[in-house]
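The sequence and the model are shown first.

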Amino acid sequence: MQKYLIIVIITIFFLLNISKSIAAQTFEDKKKEIIALYNSNSLEEAYDMISKITEEERDYEIWYILGNISQDLDNDTNASFFLQKSIMLKKDFDKAHYNLGNIYLKEKKYNSAINEYKLAIKYKKDFPYYYYNLGCAYLGLKEYKEAKSAFQKAIKLKSDEADFYYNLALSEKKLNNKKEAQEALNKYNRLKEEN
């Protein structure tokens, strides 16, 4: 009798573990499909699939995709909420910090944008657009020295992006550095002609 009970307990335990792994596999399959739908710009279909996943089951990437879908549909309020949920689940998720910073920049909440861009940079130091948008937020605050520094870092990482030079020229001009402003503007014009 005792052997029979042990076999039943082991069987139940085994079946529970199998069902958990099947559920995890199913979630990963759903997530791959959601990402594919989002990447193919099938926003409504991706959103519909996500809405069938309970909030407790959603991971940081699902919340991030929801935030991106909301941004794409010009619903920044929902986007902010979803991106913050993503960050709550993965504090060092640079992309969520960056996208949240972009919302704040668009809303002219420059200090909040700067905080998010700095966090994105903290977790991924080699992405030039994090520095570029940080510089744009500093321009919004009229902190031209900090803007210049951010644009220079962006250029160091990606020297063929014309907009980086244009905003560097603007920062240099505001700092009354006429020669440096003209050099940056010349580089901007050359890059624009090449493209």
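At 55% relative accessibility, Asn176 counts as exposed, the term being used for residues over 50% relative accessible area, with buried meaning under 20% and partly exposed in between (1.4 Å probe, protein chains only). Asn176 is found in the loop between H9 and helix H10 (178-194), and has a positive phi of about 65 degrees although it is not a glycine. Asn41 likewise has a positive phi of about 65 degrees without being a glycine. Asn41 lies in the loop between helix H1 (2-39) and helix H2 (43-51) and is exposed, with a relative accessible area of 58%.

The model is predicted, so that local features need pLDDT of at least 70 and side-chain atom pairs count only at pLDDT 80 or more, whereas totals for chains, interfaces and linings use all residues. Residues are numbered from 1 along each chain as its sequence is written, and side-chain values use heavy atoms, with hydrogens and water left out.

**Chain and confidence**

The chain has 10 helices and 0 strands; helices (H or I, at least four residues) and strands (E, at least two) are DSSP runs numbered from the N terminus. Along the sequence the pattern is α-α-α-α-α-α-α-α-α-α. Of the 195 residues of the chain, 39% count as buried. Among contacts (heavy atoms within 4.5 Å) with a separation of 6 or more, 45% come from residues 24 or more positions apart.

The mean pLDDT, the predictor's confidence in each residue on a scale from 0 to 100, is 90 for the chain, and 87% of its residues reach 70 or more. Over residues 18-24 pLDDT stays under 50, and the model has 0 contacts beyond four places in sequence for these residues.

**Helix packing**

Axes are lines fitted to C-alpha atoms, for helices over the stretch in contact, and angles run from 0 to 180 degrees between N-to-C directions.

| Helix pair | Crossing angle | Axis separation |
|---|---|---|
| H5 (residues 94-106) and H6 (residues 110-123) | about 160 degrees | 8 Å apart |
| H7 (residues 128-140) and H8 | roughly 165 degrees | within 8 Å |
| H8 (residues 144-157) and H9 (residues 162-174) | about 155 degrees | 9 Å apart |

The angle between H8 and H9 makes H8 roughly antiparallel to H9. Angles over 145 degrees count as roughly antiparallel, under 35 as roughly parallel, 65 to 115 as roughly perpendicular and the rest as oblique. H8 passes H9 in a left-handed crossing, meaning that the near helix is turned anticlockwise from the far one by less than a right angle, whereas clockwise would be right-handed. On the H8 side the contact is made by Tyr144, Ala147, Lys148, Phe151, Gln152, Ala154 and Ile155, and on the H9 side by Phe164, Tyr165, Asn167, Leu168, Ser171, Glu172 and Lys174. By class, this contact of H8 with H9 has 8 nonpolar, 3 polar and 3 charged residues; Ala, Val, Leu, Ile, Met, Phe, Trp, Tyr, Cys and Pro count as nonpolar, Asp, Glu, Lys and Arg as charged, and the others, Gly among them, as polar.

H7 and H8 are roughly antiparallel to each other, and H7 passes H8 in a left-handed crossing. Residues of H7 in this contact include Pro128, Tyr132, Cys136 and Leu139, which meet a set in H8 including Tyr144, Ala147, Phe151 and Leu157. The contact of H7 with H8 divides into 13 nonpolar, 1 polar and 2 charged residues.

H5 and H6 are also roughly antiparallel to each other, and H5 passes H6 in a left-handed crossing. Among the residues that meet are His97, Tyr98, Gly101 and Leu105 in H5, and Ala113, Glu116, Tyr117 and Ala120 in H6. By class, the contact of H5 with H6 has 10 nonpolar, 4 polar and 2 charged residues.

**Two buried residues**

Cys136 lies in helix H7 and is buried, with a relative accessible area of 18%. Not counting residues up to four places away in sequence, Cys136 touches Leu105, Phe151 and Asn167. The C-alpha atoms of Cys136 and Glu146, 10 residues apart along the chain, are separated by 9.9 Å.

Asn167 is found in helix H9 and is buried, with a relative accessible area of 10%. Leaving aside neighbours within four places in sequence, Asn167 is in contact with Tyr132, Cys136, Leu139 and Phe151.
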